[in-house]
There are 2 protein chains.
Amino acid sequence: MSSIIQLTRGVPAIESFPSARLAECAQAVLAQAGGVILQYGKSGGYPPLRALIASDADVDEGRVIVAPGTLQLQDFCFHALLEAGDVVYVEEPTYDRTLTLLRRRGARLVSFPLEDDGPDVDDVEARLRGGEKPVLFYIIPDFQNPSGTVASTEKRRRLAALAERYGFWIVEDVPYRKLRYRGEEPPALFDLAPNGVIQMSSYSKQIGPGLRVGYVILPESLAPKLLKYAEDTYISANHLDQAIVSEFIQRGWLAPQLAALKALYAPRLEAVLAALEADMSELGKWRKPDGGFFVGLTLDKPVSTDALLARAKEAGLILTDGRGFFASGSGDGFVRLPFCALTPEEIREGISRLAGVVRVLS
Amino acid sequence: MSSIIQLTRGVPAIESFPSARLAECAQAVLAQAGGVILQYGKSGGYPPLRALIASDADVDEGRVIVAPGTLQLQDFCFHALLEAGDVVYVEEPTYDRTLTLLRRRGARLVSFPLEDDGPDVDDVEARLRGGEKPVLFYIIPDFQNPSGTVASTEKRRRLAALAERYGFWIVEDVPYRKLRYRGEEPPALFDLAPNGVIQMSSYSKQIGPGLRVGYVILPESLAPKLLKYAEDTYISANHLDQAIVSEFIQRGWLAPQLAALKALYAPRLEAVLAALEADMSELGKWRKPDGGFFVGLTLDKPVSTDALLARAKEAGLILTDGRGFFASGSGDGFVRLPFCALTPEEIREGISRLAGVVRVLS
């Protein structure tokens, strides 16, 4: 066990990376299609991968863009769809890097607190009735980053209906959706409203983030604008990486890879939930997700985040600043616990150290 | 010979791509460092490649960002350094995709006509004296895209001195600099003013554009801002591609690759210059570069570009719209001739068809 425990970034376990298989794929695609892959390519992505994704989602290929990660696709969307000052709805808490991009674009953020089953939809409806309509609502409905929350089917239906009635886009970010370790999968927002949802996902959590391969499925009306934005930004994307992913899928290696990830991560989820139950039940509350990368912990007594991070560091525990996930600027007492890249032993020790620090500060 | 001749995009010859060697490199780096390459990485680029580039330029590593192509690095620079309405100087003609990014950013473009030895520096100086100072001047001093122009050493010195005196950045884009087929290399602007020049280049024309590996060397004062912009946009870049390039260089394969490219492209440059001499000497003027990808042709009698493109297409010749390279909106009668991806026979046939079309239209 490492003496310092990193309860910080939502990264996959290094031991999960299928390096040898990816090397085989690289060799195969360069031998078969080196001339295409190494030349400038299509701005929508490497055609075989784009076709696979489109067929999987049952949409026309023209609605798919494969790009170097979903964060960059968000940047494209925010630039192509927003003007400075436009209203954007977000969950609270939500992915900190998305907030950074939205602020960089000059968006006016309106945040909706997450309940156990997703954002407070009554509040959303009240805001819409009040006339404060957003251009888009950024949502991570499955195993949300940073809280682990899963939106209920009922809330998904209500959100999809509201988007249609009031005319705003839902940006549905689902990088963790396929990493469900137990329980039943609710419908995706995209399945409920295929023409009103911009759905994004990536292979970062399924194969390896270093490949930088993410994708978006766009409503037909938005696809040309986003494709032009992508082409204007980088001509074409990293097609070798995309070709490797395409080959990996075509060889049938994605399903066993996902099975291996679930076998590796499920005990880690159990470990974090059990450790929280054992050490933190009188100190805070948390959601109990059935998958993903994160459990979000909210301390019962808000503490100064600066003091928490400093004390944790002294105790050999590196935490992320919870305030970064809150558009409203609150977030003291929120701790994101990413559990996938730690062994169960490290998780138990980390939570134990955290409980010790919180007790001292409370 | 293909029946339709593409005198359009500045792409490398497909037969130049070292696919097998790149596959070997991919296998080696994934075996040696798969855990690092497939994980999220540093926003400044894959450390070994970043170190190689820094050492080559004799600068601190912190001043280098390796990214998916120089176009995207330009986008980073324009976002990080410009506000809407800021003045930017460009050569006329210049790279059309850069103009698109600058317009997208809301820059106010001031363009300086290219003479045989680079931009009209007297005009630049007059503008500066007049008080219209730019935030940056975007220049392609070597084998300029689209004209083929090489800036003289004297003009480079004057530009470097003006940038220092008036306090603006020079963005020096040098993707073709290492593809000199004959003659002597003038100093880079970066060599003349290492703290006032943002120098960009890439492996797109040296190895293959599909890899998407470009880099920038930044003045120390700008590096942190640009690094943050890169990280906020995509977390980290396509490190597998960068690792492959790094391995390719470390194995000593870049020098023979450049030698092979020069051997392949030099006769193509000769062919385009000879064909112009034979067929176009009474119809237009052109520069006679010693390297690069392009010869820019200016017709003596301006013709309607729409008519030129349409007639050329009828004659089995695909041309790029020359107007896209002119910030001022002019450009009728300018034809960019990229010669690297065509055989000498195709070049001769293409120029012959072009001459026929121009004669009909003049």
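This is a predicted model: local features need pLDDT of at least 70, side-chain atom pairs count only at pLDDT 80 or more; totals for chains, interfaces and linings use all residues.
Q: Which residue meets E345(A) in a salt bridge?
A: A salt bridge is a side-chain nitrogen of Lys or Arg within 4 Å of a carboxyl oxygen of Asp or Glu. Both partners lie in helix α12 (residues 344-361) of chain A, three residues apart, about one turn of the helix, where helices (H or I, at least four residues) and strands (E, at least two) are DSSP runs numbered from the N terminus. The N to O distance is 3.4 Å, and the partner of E345(A) is R348(A).

Q: How many residues apart are E24(A) and R251(A), whose side chains meet in a salt bridge?
A: The N to O distance of this pair is 3.2 Å, and both ends are partly exposed, E24(A) with a relative accessible area of 42% and R251(A) with one of 32%. The bridge links distant parts of the chain, since E24(A) is in helix α1 (residues 19-37) of chain A and R251(A) is in the loop between α9 and α10 (254-280) of chain A, and the separation in residues is 227.

Q: What is the relative accessible area of R156(B)?
A: R156(B) forms a salt bridge with D142(B), the closest N and O atoms being 2.9 Å apart. This pair too links distant parts of its chain, with R156(B) in helix α6 (residues 153-166) of chain B and D142(B) in the loop between β6 (136-139) and α6 of chain B, 14 residues apart. D142(B) is buried, with a relative accessible area of 1%, and R156(B) is buried as well, with a value of 0%.

Q: How many salt bridges does a search of the whole structure find over all chains?
A: Side chains of opposite charge can pair when their charged atoms come close. Some of these pairings join into a network, which links D122(A), E125(A), R129(A), R158(A) and R165(A). Over all chains, the number of salt bridges found is 54.

Q: With which side chain does the side chain of E92(A) make a polar contact?
A: E92(A), found in strand β3 (residues 87-92) of chain A, is buried yet has no salt bridge, and the nearest side chain of opposite charge, R103(A), is 7.3 Å away; here Lys and Arg count as positive and Asp and Glu as negative, while His and the chain ends are not counted. A polar contact is a pair of N or O atoms within 3.5 Å; within protein, one must be able to donate a hydrogen and the other to accept it, and residues adjacent in sequence count only if both atoms are side-chain atoms. At 2.9 Å, the side chain that meets this requirement is that of S111(A).

Q: How far apart are the end C-alpha atoms of helix α9 (residues 239-250) of chain B?
A: The expected span of a helix is 1.5 Å times one less than its number of residues, so the twelve residues of this helix should span 16 Å. The helix α9(B) is mostly covered, with ten of its twelve residues buried, and what covers them includes α9 (239-250) of chain A, where contact means heavy atoms within 4.5 Å.

Conventions: Residues are numbered from 1 along each chain as its sequence is written. Chains are lettered from A and ligands numbered from 1 in the order in which they are written. Side-chain values use heavy atoms; hydrogens and water are left out. Buried means under 20% relative accessible area, exposed over 50%, partly exposed in between (1.4 Å probe, protein chains only).
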